[in-house]
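Okay, let's get going, I'll keep this short. Have a look at the screen while I talk through some aromatic residues.

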Amino acid sequence: VTIINLFHKLRKVRTLIDRKKDEEILLLQRTNDSKVLTAIRVVMLACWVCYGVQKHFFGIYLTLVAAELTMEHGISQYSSIAFYMYGIAEILYGNRERGHRLGALSIKLHSYIECKDSGCAMIGGTIFHSTYLKENVRKYFGLHWKALDNAFKVGDLNAVTICLFPFFNTMLWSGDNLAHLERIMLDLHGRICDLGHNQEENLKRINPMIQFVLNMQNEEEDWEILTKMNGTIMTEENYLSGSKIEIGVYWITVFSKIVLYFTFGFYGEAEKLVRKLSGTSFTHKTYFSLPYNYYAAMISYRLYESKKSKRYLRNARKFKKFLVNEDSLGNPNATPHLRGLEIEELSLKSKNLSEIVEACNDAIWLQSKEGFVHLEAMTNEQAYRIVHKLNSNIAQKYFRQALHAYRFKWGATAKYRLFLEEHGNLEMKYD
């Protein structure tokens, strides 16, 4: 495959799709040709292998082949994922509108065609990625869970492998209740063990997320211990070194530690890990890019507050700029993240209490409305910290709201205890 081959294939597939409306594609004839169906399935599986080993050039070419086979031979139970994969390729290389159209078309095809074949169990679990930048990601959790559950029921190991990683990560970093997530994760952990195949590979994909959730709910009194991803599920050293660790698993392990360091107040250690991931595709081309840039900016703002070094402020604004750009492109998932960073900037430029309180209230309302309860909790804590310097009585409201959000909405009981320990004596009126 050469650049010229890829260019010609891309131009051909774009022409095939662009000259038809979505309704016309949905009305294409159904194909039952076993050779065509086998070809598309093999191409899709080969594509995932290429992406898994960072051979994106070949992966993109294969996505085009899958879409081309669909357009030339008719729709099938594989058409939804063929368009999904092509949409992801378009988004990764900056063609968002085209990618969004393909993502929406993928969902329509999935609803239009009954996908009873076990190999199609992955479809519902992955198609939402190409619309992730256009709609609230939480909208597709139900569809994703249905596909993952079906993949287990039919014993489709490829589907399980593909669905697990994005499903848990998007739930985790979009603010799902941690106690609820723990129950789901531990249940699926047992189901993976029962499969008897691909155990090690699939367990490594979800173990860092399970350990993160357990740490956030741990009763340990030594906060530094809770920044270590060690327990009965995993030992962090095995995930942070060694050539056998999948790059995506390494990234999510490092990112989980960044969040734990930030949560429990170890900002210097968190900043070192932020620099480790900086510049990788993880930080700007994956569904982790929004939470990564949010936490990286918040860490830099806190370091600037304590050390007064302009370097940290420049870093914070660099990370914030990424979210500003995503927000300007119409990504609704960026806005709740961006609002928290705007409060930090406002507090640096203004001491107007009513202006700051209004910004805090607007951010908290939006985060709660969109379901990002982890951001809601952190913004309440942030509002308490900033407003307390100006008016301690008004700040009490944010103190109470932060405790409630940490403990009951997000379920981060370890953070709840830390926050209460640090500030409870200042707020004796809290019941």
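So, Tyr61: skip its neighbours within four places in sequence, and Tyr61 is in contact with Val1, Asn5, Leu6 and Lys9, contact being heavy atoms within 4.5 Å. This is a predicted model, where local features need pLDDT of at least 70 and side-chain atom pairs count only at pLDDT 80 or more, while totals for chains, interfaces and linings use all residues. Numbering runs from 1 along each chain as its sequence is written, and side-chain values use heavy atoms, with hydrogens and water left out.

Tyr61 sits in helix H4, residues 56–73; helices are DSSP runs of H or I, at least four residues, numbered from the N terminus. Phe7 is 54 residues away from Tyr61 in sequence, yet their C-alphas are 9.3 Å apart.

Now, ring pairs. Rings of Phe, Tyr and Trp (its six-membered ring) pair if their centres lie within 6.5 Å, with planes under 30 degrees apart called stacked, over 60 edge-to-face, and the rest tilted. That gives 18 aromatic pairs. Take Tyr292 and Phe319: edge-to-face, 6.1 Å centre to centre, 90° between the planes. Tyr292 is in helix H15 (residues 289–307) and Phe319 in helix H16 (residues 310–328), 27 residues apart. Tyr292 is buried at 2% relative accessibility, and Phe319 is buried at 6%; buried means under 20% relative accessible area, with a 1.4 Å probe and protein chains only.

Another edge-to-face pair is Tyr384 with Phe419, at 5.9 Å and 85°. Tyr384 lies in helix H19 and Phe419 in helix H21, so this pair ties together parts 35 residues apart in sequence.

Key:
Helices (H or I, at least four residues) and strands (E, at least two) are DSSP runs, numbered from the N terminus. Buried means under 20% relative accessible area, exposed over 50%, partly exposed in between (1.4 Å probe, protein chains only).
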